[in-house]
Amino acid sequence: METSFQALPSMAMPKHTDLVHLDQRPLRPINLKSPALEVMTDLRIIDPVSIGEDEILRHAHNLMISRGIRLLFVQDEDSRLVGLITASDILGERPVQCMLEHGKRHGEVLVRDVMTPRNELEMLSLADVQHATVGHMVATLKQQGRQHALVAELDLNTGHYQLCGMFSTSHMARRLGMPLNFMRVPQALSEIQHALLHEG
């Protein structure tokens, strides 16, 4: 159904990319032709949830469970954005690889060991998203094979890009009332909890 839409272009995330913070906005019924902004998590009106890069993986898991989310922004000790970590990072092969390569136990694996660092992240331009539909975003995430897409805008006052929004397949699927099955997304936060509690 989404095949008639074209994916949006991505760009490398610059070093000076910041987060913005505000309150949540109300939701409205949407379909594939609705404005993409209707399904964007707007980081200008809802505070992004962050975690320190030196926190243990279990703390990231607990924070995801408590907040009902599947992605955390990762910051260094100076509160600078250094990457992000998703439920797939926690549930996937990265923790096991870290344990094997560095001789760590699961309880010793840190967020920075499995996160996606900032220099490997891509983002969409808010200017493109503002003219896009939900269908465009479904096509974009399908083409990228990802659960999330980050959105940024240039702050003319600082000259830095700010992360101002985020799209997720699970959120879009809930809002659309239809499955988005082009990639494996944890279906419930209980999966995260079960997987981590039963790892050695």
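Mentor: A helix is a DSSP run of H or I of at least four residues, a strand is a run of E of at least two, and both kinds are numbered from the N terminus. By that reading, the chain in this predicted model has eight helices and ten strands. Residues are numbered from 1 along each chain as its sequence is written, and side-chain values use heavy atoms, leaving out hydrogens and water. Because the model is predicted, local features need pLDDT of at least 70 and side-chain atom pairs count only at pLDDT 80 or more, whereas totals for chains, interfaces and linings use all residues.

Trainee: In which helix is Thr140 found, and is Thr140 buried or exposed?

Mentor: Burial is judged by relative accessible area with a 1.4 Å probe on protein chains only: under 20% is buried, over 50% is exposed, and values in between are partly exposed. Thr140 is found in helix H6 and has a relative accessible area of 0%, so Thr140 is buried. Helix H6 spans residues 134-144, and its buried residues are Val134, Gly135, Met137, Val138, Ala139, Thr140 and Leu141. Of the 200 residues in the chain, 44% count as buried.

Trainee: What covers the buried residues of H6?

Mentor: The idea required here is contact, meaning heavy atoms within 4.5 Å. The cover of the buried residues of H6 includes strand E8 (122-125), strand E9 (148-154), strand E10 (161-168) and helix H7 (169-176). For Thr140, leaving aside neighbours within four places in sequence, the contacts are Ala7, Leu8 and Leu124. Just after H6, Gly145 has a positive phi of about 65 degrees.

Trainee: How far apart are Asn31 and Val134 in sequence and in space?

Mentor: They are 103 residues apart in sequence, while their C-alpha atoms are 7.0 Å apart. Asn31 lies in the loop between strand E2 (17-19) and E3 and is partly exposed at 43% relative accessible area. Beyond its neighbours within four places in sequence, Asn31 is in contact with Val134 and Leu176. Across the chain, among contacts between residues at least 6 apart in sequence, 67% join residues at least 24 apart.

Trainee: How many salt bridges are there?

Mentor: Side chains of opposite charge can pair when their charged atoms come close. The rule for a salt bridge asks for a side-chain nitrogen of Lys or Arg within 4 Å of a carboxyl oxygen of Asp or Glu. The count here is nine salt bridges. In one of them, the side chains of Arg44 and Asp42 meet at 2.9 Å, N to O. Arg44 is partly exposed at 25%, whereas Asp42 is buried at 6%. Arg44 also forms a salt bridge with Glu153, with the closest N and O atoms 4.0 Å apart. Arg44 is in the loop between strand E3 (41-42) and strand E4 (50-52) and Glu153 is in strand E9, so this pair ties together parts 109 residues apart in sequence. Glu153 is partly exposed, at 25%. Through shared partners, salt bridges join Asp42, Arg44 and Glu153 into one network.

Trainee: Which residue's side chain makes a polar contact with that of Arg70?

Mentor: A polar contact is a pair of N or O atoms within 3.5 Å; within protein, one must be able to donate a hydrogen and the other to accept it, and residues adjacent in sequence count only if both atoms are side-chain atoms. The side chains of Arg70 and Ser170 are joined by such a contact of 2.9 Å. Arg70 lies in the loop between helix H1 (57-67) and strand E5 (71-75) and is buried, at 14% relative accessibility. In another case, the side chain of Asn31 reaches the backbone nitrogen of Lys33 at 2.8 Å.

Trainee: What is the volume of the second largest pocket?

Mentor: Rolling a probe the size of a water molecule over the atoms shows where empty space is left. On a 1 Å grid over the protein atoms alone, a pocket is an open set of points where a 1.4 Å probe fits, with protein on both sides within 12 Å along at least five of seven lines, and lining residues have an atom within 4 Å of a point. The second largest pocket has a volume of about 380 Å³, the space filled by probe spheres set on points joined across faces, edges and corners. It is lined by 21 residues, of which Leu84, Thr86, Thr116, Arg146 and His148 are the closest to its centre. Strand E6 (81-86), helix H2 (87-91), E8 and E9 each supply at least two residues of this lining.
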